[in-house]
Amino acid sequence: SRPASGSSGKMAAPVGRGSRGPEPGAAPYGNFPNYSRFHPPEGRLSLLPQGLLRSLFPAATRPLLGLDVGCNSGELSVALYQHLLGLQDSDSSAEAPGAGKELKLLCCDIDPELIRRAQQSSPFPASISFASLDIMDSGAREPFLSSYLQRFGRSSFDIGFCMSVTMWIHLNHGDRGLLDFLALLASLCTFLLVEPQPWKCYRAAARRLRRLGRDDFEHFRSLRINGDMAASVTRILTQDCAMELVRSFGSTAWDRSLLLFRSTAAPPEG
């Protein structure tokens with residue numbers, strides 16, 4: 001899935017090559033080199049209504065700011081951008097007129113190689129920025145995000161995207177890490193679109209590591225937050241993080257819920 005982070009900041013390359021290339025899931029932070037082949041962007045975007053941004057921000061007169069955490073090599077980030085702005089495929093080869101005025105999207109991932117690939121292939125370099133960042137490293141995160149926000153005279157993002165990232169944070173940083181991560185996103189974003197991995201994905205990721213003879217995820221056996229992860233993420237965000245569930249957009253073909261939350265801490269900026 002689309003990854004985030006390890007406390008060491010060091011990446012381990014996916015290992016285990018068979019006839020089909022690298023073993024999917026062997027990347028300890030979900031940093032798969034060909035992620036979008038497993039779960040193409042259309043599987044999620046088909047669940048999101050056209051005109052979602054307009055309905056969430058009907059009065060916005062300035063560019064909207066978006067944050068995509070764990071963007072992998074950027075295919076889903078670009079597809080989200082196009083979908084949210086109503087750009088057709090024919091527009092994807094060039095910066096669409098006026099599109100940059102509507103949404104500036106900052107996409108980050110722990111894996112610098114995936115970020116390099118995203119930067120090289122991005123069709124919207126003026127509107128979508130890709131950056132290598134361990135979101136769980138506050139020393140790196142805070143100056144980086146605040147300098148980005150200050151460029152727009154802003155203190156928070158209008159919308160955040162966390163697509164199949166929660167499990168990797170949880171496995172690498174434990175229950176406390178997941179709570180801190182969700183609290184961070186809630187503090188940074190007015191709206192938050194989350195796609196949590198279900199618990200069966202945790203078991204599958206742990207199984208794949210064992211099959212490759214790798215050490216188990218440090219926190220896997222001690223996680224108290226388990227079971228229905230969509231319900232757990234919803235409970236944490238609504239009870240602990242001053243957010244409310246606005247809408248569930250249903251589940252993808254691979255059984256992941258798309259959940260939209262809104263901050264109740266402050267009114268959306270117009």
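**Rings and cysteines**

A: A search of the whole structure, which is a predicted model, turns up seven aromatic pairs.

Q: How do Tyr-81 and Phe-124 sit relative to each other?

A: Their rings form a tilted pair, 4.8 Å centre to centre with 45° between the planes. The pair links distant parts of the chain, 43 residues apart. Tyr-81 is in helix H4 (residues 75-84), and Phe-124 is in the loop between helix H6 (112-121) and strand S5 (128-132).

Q: Is Tyr-81 buried or exposed?

A: Buried, because Tyr-81 has 0% relative accessibility. Phe-124 also counts as buried, at 0%.

Q: And what about Trp-199 and Phe-220?

A: That pair is stacked, with 5.9 Å centre to centre and 20° between the planes. Trp-199 lies in helix H9 (residues 199-211) and Phe-220 in the loop between H9 and helix H10 (229-240), so the pair ties together parts 21 residues apart in sequence. Both Trp-199 and Phe-220 are buried.

Q: Which residues do ring pairs link into a cluster?

A: Tyr-148, Phe-152 and Phe-157.

Q: Switching to cysteines: how many disulfides?

A: The count is zero.

Q: What about Cys-162?

A: Cys-162 is in no disulfide either, and the nearest cysteine sulfur, in Cys-189, is 9.4 Å away. Cys-162 counts as buried, at 0% relative accessibility.

Conventions
Residues numbered from 1 in each chain as written. Predicted model: local features only at pLDDT ≥ 70, side-chain atom pairs only at ≥ 80, totals over all residues. Heavy atoms only, no water. Phe/Tyr/Trp six-rings, centres within 6.5 Å; stacked < 30°, edge-to-face > 60°. Helix = DSSP H or I, 4+ residues; strand = E, 2+ residues; numbered from the N terminus. Buried < 20%, exposed > 50% of the residue type's maximum accessible area, 1.4 Å probe, protein only. Disulfide = S-S within 2.5 Å.
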